[in-house]
Amino acid sequence: MSTLIRSRRVRLATWLFAVGVAAVLLLATTLATPASAHGSVVDPASRNYGCWQRWGNDFQNPAMATQDPMCWQAWQHNTSAMWNWNGLYREGVAGNHQGAIPDGQLCSAGRTGDGRYNSLDAVGAWKTTSVANSFRVKLWDQASHGADYIRVYVTRQGFDALSKPLAWSDLELVGQIGNTPASRWTPESQGVSIQIPANAPGRTGRHIVYTIWQASHADQSYYLCSDVEFGGGPSTPPTTTPPPPTSPPPTTTPPTSPSPTTPPVTAGCTATYRSTGQWSGGFQGDVEVTAGRTAIRGWTVTWTLGSGQQITQSWNATVTTSGSTATARNASYNGALAAGAKASFGFIGSGPHSTPTLSCTATA
């Protein structure tokens with residue numbers, strides 16, 4: 001073999017090796033950082049931006065399943081939803097947002113991106129950011145598109161984000177800005193940002209902030225769900241009894257009879273279970289309690305835990321376990337129900353999911 005041929009082969013091998021190394025480095029960079037375009041709401045963090053922010057460097061940690069179960073199910077469904085937290089948009093909507101996105105699919109922008117973001121529609125205990133009734137939404141625009149408009153909505157008081165899929169009728173407009181070129185936004189190390197003032201009076205507890213960002217460079221609409229807690233509450237479902245409603249219950253005159261030693265009269269109630277989230281090693285459920293034909297003063301729901309199941313967290317009820325029996329007793333503010341009225345509570349469990357058979361008893 002001539003020296004010339006050997007030299008050419010060595011150069012070719014060296015070039016192929018360099019190309020391979022470059023490809024590996026490019027792949028590693030792609031997995032380590034999100035695409036450097038588009039943008040999202042970063043405060044209060046959108047669902048997938050928050051999941052990327054908390055777990056992007058540790059997304060295979062099994063502790064996420066119990067510490068942050070909604071993010072866990074999102075990572076299991078499609079990791080690209082978090083790596084590409086800035087690509088949650090649709091094109092060609094022409095301002096007909098409600099026509100383009102069905103109820104129950106608002107957080108995934110109508111299952112955009114070939115279903116990449118579907119997990120963001122999951123109902124459950126997403127991590128929340130504490131906000132006041134007057135707050136600001138910070139939107140980060142990495143590509144400096146600017147905005148034709150940005151609209152901020154908040155769910156109406158009484159909306160149960162732990163059990164109900166988000167619908168357009170649940171939202172109320174609480175803030176907006178009109179056409180704003182990127183040159184008027186605040187410069188960032190990558191792109192620009194802007195803050196939109198919002199005011200949501202009367203809100204308490206857990207809610208969803210829904211932001212529509214109509215980018216200026218094309219007919220490109222972003223749809224972003226952020227989970228918040230009004231009133232400076234905890235960032236996860238409360239493990240202790242939340243404060244009662246601001247309107248105190250009506251005072252009544254204690255009855256003179258029967259005597260305090262008389263057992264309470266048993267009244268009727270029913271309880272139904274609905275799965276609101278499942279992931280490897282855990283699950284989340286919601287239980288709706290309905291009073292019977294007469295008013296009740298309190299309720300208790302019991303069920304048998306499946307093999308390997310444990311209750312790790314609950315809200316809107318006090319849940320205890322004894323052996324394989326789980327017992328949920330109403331909180332101080334949701335036990336008294338009129339005939340046919342409803343209350344609900346939720347819980348997170350570890351172990352394999354199964355649908356329990358519930359038993360409900362009430363006191364009149």
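Q: Is asparagine 86 buried or exposed?
A: This is a predicted model. In it, asparagine 86 is buried, with a relative accessible area of 1%.

Q: Where is asparagine 86 in the chain?
A: In the loop between helix 5 (80-83) and strand 2 (89-91).

Q: And what does the side chain of asparagine 86 make a polar contact with?
A: With the side chain of glutamine 142, at 2.5 Å.

Q: Switching to rings. How many aromatic pairs are there in the whole structure?
A: A search finds 18 aromatic pairs. Among them is tryptophan 52 with tryptophan 85, a tilted pair at 5.6 Å centre to centre and 35° between the planes.

Q: Which parts does that pair tie together?
A: Tryptophan 52 is in helix 2 (residues 47-55) and tryptophan 85 is in the loop between helix 5 and strand 2, so the pair joins parts that are 33 residues apart in sequence. Tryptophan 85 is buried, at 1% relative accessible area.

Q: What about tryptophan 299 and phenylalanine 345: why does the pair count as stacked?
A: Because their planes are at 15°, under the 30 degrees that stacking requires. The ring centres are 5.6 Å apart.

Q: Where do those two sit?
A: Tryptophan 299 is in strand 14 (residues 298-304) and phenylalanine 345 is in strand 18 (residues 342-350), 46 residues apart, so this pair also links distant parts of the chain.

Q: Buried or exposed?
A: Tryptophan 299 counts as buried at 1% relative accessibility, and phenylalanine 345 counts as buried at 0%.

Q: Which aromatic cluster has Trp299 and Phe345 in it?
A: One formed by Tyr273, Phe283, Trp299, Trp303, Phe345 and Phe347.

Q: Which residue lies over the face of tyrosine 149?
A: Arginine 151, at 4.0 Å from the ring centre.

Q: How many bridges between strand 12 and strand 13?
A: Ten, in the antiparallel sense, with strand 13 covering residues 282-291.

Technical notes. Residues numbered from 1 in each chain as written. Predicted model: local features only at pLDDT ≥ 70, side-chain atom pairs only at ≥ 80, totals over all residues. Heavy atoms only, no water. Helix = DSSP H or I, 4+ residues; strand = E, 2+ residues; numbered from the N terminus. Buried < 20%, exposed > 50% of the residue type's maximum accessible area, 1.4 Å probe, protein only. Polar contact = N/O pair within 3.5 Å; in protein donor to acceptor, adjacent residues only side chain to side chain. Phe/Tyr/Trp six-rings, centres within 6.5 Å; stacked < 30°, edge-to-face > 60°. Lys NZ or Arg CZ within 6 Å of the ring centre and 35° of its normal. Pairing = 2+ DSSP bridges.
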